[in-house]
Every structure is written in C-alpha cells, then in structure tokens.
Amino acid sequence: MTDWKTQTWFGHDIDAGQHRNTELEISESYSGRNIVIPLRVVRGAEPGPTVFVTGALHGDELNGTGAIRSFLADPEWGPVRGNVLMIPVLNVLGFERHSRYLPDRRDLNRCFPGNASGSMATRMAKVIFDAIVAKCDFGIDLHTAAVRRTNYPNVRCDFKNKECLRLATAFGAGVILDGRGPKGSFRREATAAGCPTIVVEGGEVWKVEPSVVDCMTRGIVNVLQELEMIEGEPEVPENQVKLKQTKWVRAERGGFMDMHVSPGTTVVKGQPLATNSSLVQEDQNRLEAPFDGIVIGMTTLPAVQPGEPVIHLGKLSSPKTVRRVEKQTQADEVQRTAQEHLSTNVQVVEPTD
C-alpha cells in the first residue's frame with residue numbers, strides 16, 4: 001500500500017480522508033453462507049501508521065465493543081494521519097452465542113497466527129492475521145475479565161519490547177502489567193510478527209460499563225496522539241505503576257465470602273482481603289494480602305470452594321509505593337471513577353476481629 005491517496009482495503013478502494021464500513025469474510029456457516037466480521041476503515045488525509053483496534057476477541061467481552069462503537073457513533077471522528085481499523089467484534093461466532101469461545105469450544109485467542117488447513121478456529125485466525133495484523137503497524141486489543149470475575153482497568157504488554165511499552169504507557173490506564181501473553185495469543189503473535197500490540201483489560205463480561213469504556217476511549221485517543229495520528233498530547237496519569245509480579249489469592253476453605261477490598265484497592269502485606277464462613281456465619285477463615293499490592297482483579301461470586309481464585313493482586317515494592325499509587329488513582333478522574341463504579345458490583349464490608 002505505497003500509494004497513500006487511494007488504498008484497497010477488503011476489496012474496496014478507499015481514498016485518503018474517507019471512512020468506509022466493510023466486512024472481512026472469515027468462514028462459512030453450515031448452510032454455506034459467508035460468516036463476516038463487520039468493521040470500519042478510517043483513513044487520514046495524510047500518511048502515517050496503520051493501527052487496529054479490536055473488541056470481543058472473546059465473544060462475551062463487550063466493554064471494548066462499547067468503546068469502539070462510541071467512536072463509530074461520530075461520523076466525523078478520524079485520524080489526521082494514518083489509518084485506523086475499528087473492529088467492534090472480532091469473534092462474531094462467540095458473540096452471537098454470548099460465549100467466550102467458538103462453537104467448537106476452542107479459544108480463538110490461543111490459535112494465532114493460524115493455519116489455513118487446520119481447525120475452524122485456526123483457519124479463522126489465519127484469515128484475521130493475514131488480513132489485519134500483517135497490514136498494520138500497531139495494535140490495541142480490548143478485553144474484560146473472564147466470566148464471574150472483574151478487572152480494574154489495566155494494560156498488558158511485553159516490557160522488553162520498547163514499542164509495546166511506549167503504547168502501554170501512552171494509553172494511560174495507570175496500571176501496566178509485564179508479559180508477552182500466552183503462546184498463540186493475538187497480541188503475542190502480532191508483536192512477534194512486527195506489529196507491536198497491547199492488551200487492555202477492564203470490567204466484566206456481558207456488560208458495557210461506562211467507566212471502563214471511558215478508560216478505554218481515553219486510552220485509544222492517547223495512543224493515537226502518541227503516534228501523531230491525531231492532534232494533541234496524551235492525557236496520561238503521573239507515576240503509572242509497572243507490575244512484574246502478580247498472584248491469585250485462593251480460598252482455603254469453602255463458604256460464603258465477605259469481601260474487604262474492591263477492584264483498584266491498594267493493600268499492605270497482612271491486610272484482610274476477604275473472610276469466608278458457613279451460611280450461618282460459622283468457621284470463619286480470613287484471607288490476607290501476601291505482599292504490598294493493588295487489586296487488579298477479583299471474583300464476583302461470593303460462594304467459593306477450596307482452591308478457587310478470589311483476589312488477583314499485583315505486587316508493589318513497599319508501603320510507600322502503595323500510598324503513592326493510591327494518591328495517583330485519586331488524582332486521576334477517569335481511574336477514580338472506574339474504581340468507584342466497579343466497587344458497586346461487589347459487597348465490601350469491614351473485617352471483624
């Protein structure tokens with residue numbers, strides 16, 4: 001695509017500065033009908049990078065879909081430079097079944113870069129990879145927590161990749177987790193193929209949560225500003241925390257949980273996280289923070305069995321860092337609002353002696 005004035009995207013010639021809704025054919029149904037991914041190509045008037053923004057790679061994770069649709073609702077929105085591919089739902093088959101997975105129970109986010117002669121999932125992954133990733137310079141992949149869990153908005157990337165870390169920092173979620181991602185995941189394989197890609201996690205499945213959408217939309221704008229595709233400077237919180245170690249704190253006994261923290265809460269080592277007991281408040285067992293940290297995810301189910309994950313903690317270096325992160329969160333309206341809203345999905349009570 002060396003000619004900037006007119007480029008061919010998904011079978012359509014699209015001029016610089018134009019927007020076009022189109023489709024990517026990825027498979028066929030049992031009746032032989034084409035299965036397509038709806039998307040919009042948004043082209044800037046001037047040359048620049050090409051960025052994809054995807055939602056619902058897991059078909060039940062809809063906060064990213066809501067964020068992308070907020071841009072699509074404005075027909076005048078678009079970059080000054082470069083191209084943006086806006087894809088509200090990448091896993092359309094999972095989306096239509098309100099499911100994380102494809103109809104064959106495979107996780108599309110473990111099937112990249114795909115295989116043209118493999119399973120349905122790997123064939124779809126191959127089409128997506130060749131049609132989107134291979135033609136983009138950067139990527140933003142929007143996710144939520146898995147079913148029965150919620151996540152405080154955070155960005156995940158490979159800290160060893162400077163371009164990924166640059167995008168993650170510019171996104172401005174406040175919390176950045178280090179990691180390449182699982183083998184076969186969209187962001188890991190896209191990055192390995194020369195398209196630095198970050199993952200954004202926030203909120204729950206089956207919902208479009210306004211405060212999470214606000215975090216995602218601000219972040220997308222921030223990244224495009226960092227890449228000089230739209231005018232302005234990224235609105236990035238000061239002193240974003242970079243996490244290299246996380247741990248799921250798991251239930252030791254079965255019972256009904258009383259939570260003492262919510263998504264985004266900062267904690268010090270030994271602080272009570274949750275207490276579980278029988279349905280008649282007997283045989284109490286308390287879970288405590290194994291280190292200074294921040295709650296980046298948690299279960300939304302109050303009933304647990306031994307070994308089930310309850311609180312996902314990101315490790316902070318010291319109580320001083322805990323105070324700094326808490327202060328930073330309160331100073332940033334987008335993060336503060338997300339923390340306040342997500343806390344309403346969990347009943348939080350004070351621990352008893």
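What follows is a set of questions and answers about a predicted model.

Visitor: At what angle do the axes of helix α1 and helix α6 cross?
Guide: Two packed helices are described by the angle between their axes and the distance between the axes. In this predicted model, α1 covers residues 63-72 and α6 covers residues 210-226. Their axes come within 9 Å, and the crossing angle is roughly 55 degrees.

Visitor: Is the crossing of α1 and α6 left-handed or right-handed?
Guide: On the α1 side, the residues that meet α6 are N63, G64, G66, A67, S70 and F71. On the α6 side, they are V212, V213, M216, T217, I220 and V221. As α1 passes α6, the crossing is right-handed.

Visitor: How many residues in the contact of α1 with α6 are charged?
Guide: N63 and F71 of α1 are among the residues that meet α6, and M216 is one of those from α6. By class, this contact of α1 with α6 has 7 nonpolar and 5 polar residues, and the number of charged residues is given as no charged.

Visitor: Are α6 and α8 roughly parallel or roughly antiparallel?
Guide: Helix α8 covers residues 333-343, and its axis comes within 8 Å of the axis of α6. The two axes cross at roughly 155 degrees. Because angles over 145 degrees count as roughly antiparallel, α6 and α8 are roughly antiparallel.

Visitor: How many charged residues are in the contact of α6 with α8?
Guide: The crossing of α6 and α8 is left-handed. S211, V212, D214, C215 and R218 of α6 make the contact with V334, Q335, T337, A338, H341 and L342 of α8. Sorted by class, the residues of this contact are 5 nonpolar, 4 polar and, for charged, 2.

Visitor: Is E61 buried or exposed?
Guide: E61 lies in the loop between β5, residues 46-55, and α1. Its relative accessible area is 1%. Buried means under 20%, so E61 is buried.

Visitor: With which side chain does the side chain of E61 make a polar contact?
Guide: Leaving aside neighbours within four places in sequence, E61 is in contact with A56, R100, H143, T144, A145 and V205. A polar atom of the E61 side chain lies 3.0 Å from the backbone nitrogen of T144. The polar contact between side chains, also 3.0 Å, is with H143.

Visitor: What is omega for the cis peptide bond that joins F112 and P113?
Guide: Most residues other than glycine have a negative phi, and most peptide bonds are trans. P113 is placed in the loop between α2, residues 92-96, and α3, residues 120-131. The bond joining F112 and P113 is cis, with omega at about 5 degrees.

Visitor: What is phi of A56?
Guide: A56 lies in the loop between β5 and α1. At a relative accessible area of 0%, A56 is buried. A56 is a residue other than glycine, and its phi is positive, near 55 degrees.

Visitor: Is N239 buried or partly exposed?
Guide: N239 is placed in the loop between α6 and β11, residues 241-243. Although not a glycine, N239 has a positive phi of about 55 degrees. With a relative accessible area of 47%, N239 is partly exposed.

Visitor: From which residue does the backbone nitrogen lie 3.1 Å from a polar atom of the side chain of D3?
Guide: D3 is found in the segment before β1, residues 6-9. At 43% relative accessibility, D3 counts as partly exposed. The backbone nitrogen 3.1 Å from a polar atom of the D3 side chain belongs to K5.

Conventions. Residues numbered from 1 in each chain as written. Predicted model: local features only at pLDDT ≥ 70, side-chain atom pairs only at ≥ 80, totals over all residues. Heavy atoms only, no water. Axes fitted to C-alpha atoms, helices over the stretch in contact; angles between N-to-C directions. Helix = DSSP H or I, 4+ residues; strand = E, 2+ residues; numbered from the N terminus. Left-handed = near helix turned anticlockwise from the far one by under 90°. Contact = heavy atoms within 4.5 Å. Nonpolar A, V, L, I, M, F, W, Y, C, P; charged D, E, K, R; others polar. Buried < 20%, exposed > 50% of the residue type's maximum accessible area, 1.4 Å probe, protein only. Polar contact = N/O pair within 3.5 Å; in protein donor to acceptor, adjacent residues only side chain to side chain. Parallel < 35°, antiparallel > 145°, perpendicular 65-115°, else oblique.
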